[in-house]
Amino acid sequence: MELEYVSALANDTALHIEDVIELIEHFTIPEIREKIDEIFDPLTTTLFQCGQTCLKRLAKLVMADVQSLLDQVFEEEWMEGSPMRVATATISDYMRDFQEFLVPFWADKFVMTILEEVIVSYTRTLLFRKDQKKSVTTTVTTTDPGAAGGGAAGSVG
């Protein structure tokens, strides 16, 4: 239900933006139209930000559903199973739903929002894998920063 409600809220913001634009276009004198546009500009910006926030919330909900699959990247289960295929199929299913739930304006923007979330989540999974934490800690504690590069690492000029 949350997906539908948040989608409806995003759609409402798009409709309000369209209403504001339509209202502004009704003014025939260019100087007045520009002044009214300036007055409504903060409102339009806030509505757009609200819609963007809704898209980010929707993306977080989708990622919560597939995060456990991404957490298996390069682990034994990942090599034996197909969590990436399942994650991709799940995200594709959500995308089809959002093409139906969201107005085209937000549906197009949601593609970029979910892509960003997938990339960040996948990268985070790769960087913070359990078995890599040990090797990173070992590397950091045993590396002499002055040995490579003549000690320039960490100096501020």
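Me: Hi! Let's start with α2 and α4: is their crossing left-handed or right-handed?
Reply: The crossing of α2 and α4 is right-handed. A crossing gets that label if the near helix is turned clockwise from the far one by less than a right angle, and left-handed if anticlockwise. Helices here are DSSP runs (H or I, at least four residues), strands are runs of E (at least two), and both are numbered from the N terminus.

Me: And what am I looking at, as a model?
Reply: This is a predicted model, in which local features need pLDDT of at least 70 and side-chain atom pairs count only at pLDDT 80 or more, while totals for chains, interfaces and linings use all residues. Residues are numbered from 1 along each chain as its sequence is written, and side-chain values use heavy atoms, leaving out hydrogens and water.

Me: Thanks. Back to that pair: at what angle do α2 and α4 cross?
Reply: Roughly 165 degrees, with the axes of α2 (residues 30-70) and α4 (residues 83-101) coming within 9 Å. So α2 is roughly antiparallel to α4. The axes are lines fitted to C-alpha atoms, for helices over the stretch in contact, and the angles run from 0 to 180 degrees between N-to-C directions. Angles over 145 degrees count as roughly antiparallel, under 35 as roughly parallel, 65 to 115 as roughly perpendicular and the rest as oblique.

Me: Which residues in α2 and α4 meet?
Reply: On the α2 side they are L58, V62, D65, V66, L69 and L70, and they meet P83, M84, V86, A87, T90, I91, Y94 and F98 in α4. By class, this contact of α2 with α4 has 12 nonpolar, 1 polar and 1 charged residue. Nonpolar covers Ala, Val, Leu, Ile, Met, Phe, Trp, Tyr, Cys and Pro; charged covers Asp, Glu, Lys and Arg; the others, Gly among them, are polar. Contact means heavy atoms within 4.5 Å.

Me: Zooming out, how many helices and strands does the chain have?
Reply: The protein chain has 6 helices and 0 strands. There are 157 residues in the chain, and 26% of them count as buried. Buried is under 20% relative accessible area, exposed is over 50%, and partly exposed is in between (1.4 Å probe, protein chains only). Among contacts between residues at least 6 apart in sequence, 72% join residues at least 24 apart.

Me: What about the largest nonpolar core: which residues touch the most other members?
Reply: L58, F98, L102, F110 and I114, out of 24 residues in that core. The elements giving two or more residues to the core are α1 (2-25), α2, α4 and α5 (104-127), and α2 gives the most, with 10 residues. A nonpolar core is a set of buried Ala, Val, Leu, Ile, Met, Phe, Trp, Tyr and Cys residues joined through side-chain atoms within 4.5 Å.

Me: Which residues is I114 in contact with?
Reply: Leaving aside neighbours within four places in sequence, I114 contacts A59, V62, M63, I91 and M95.

Me: New topic, α1. How does α1 pack with α2?
Reply: At an angle of about 165 degrees, with their axes 9 Å apart. That makes α1 roughly antiparallel to α2, and their crossing is left-handed. The contact has 17 nonpolar, 5 polar and 5 charged residues.

Me: And at what angle do α1 and α4 pack?
Reply: About 45 degrees, with their axes 10 Å apart, so α1 is oblique to α4. This crossing is right-handed. L3, E4, S7 and N11 in α1 meet Y94, F98 and F101 in α4, a contact made up of 4 nonpolar, 2 polar and 1 charged residue.

Me: I see S7 in there. Does S7 count as buried or exposed?
Reply: S7 counts as buried because its relative accessibility is 1%. Not counting residues up to four places away in sequence, S7 touches L58, F98, F101 and L102. S7 and L102 are 95 residues apart in sequence, yet 5.8 Å apart in space, C-alpha to C-alpha.

Me: Last one: where does R57 lie?
Reply: In helix α2. R57 is partly exposed, with a relative accessible area of 37%. Beyond its neighbours within four places in sequence, R57 is in contact with E2 and V6. R57 and S7 are 9.6 Å apart, C-alpha to C-alpha, and 50 residues apart in sequence.
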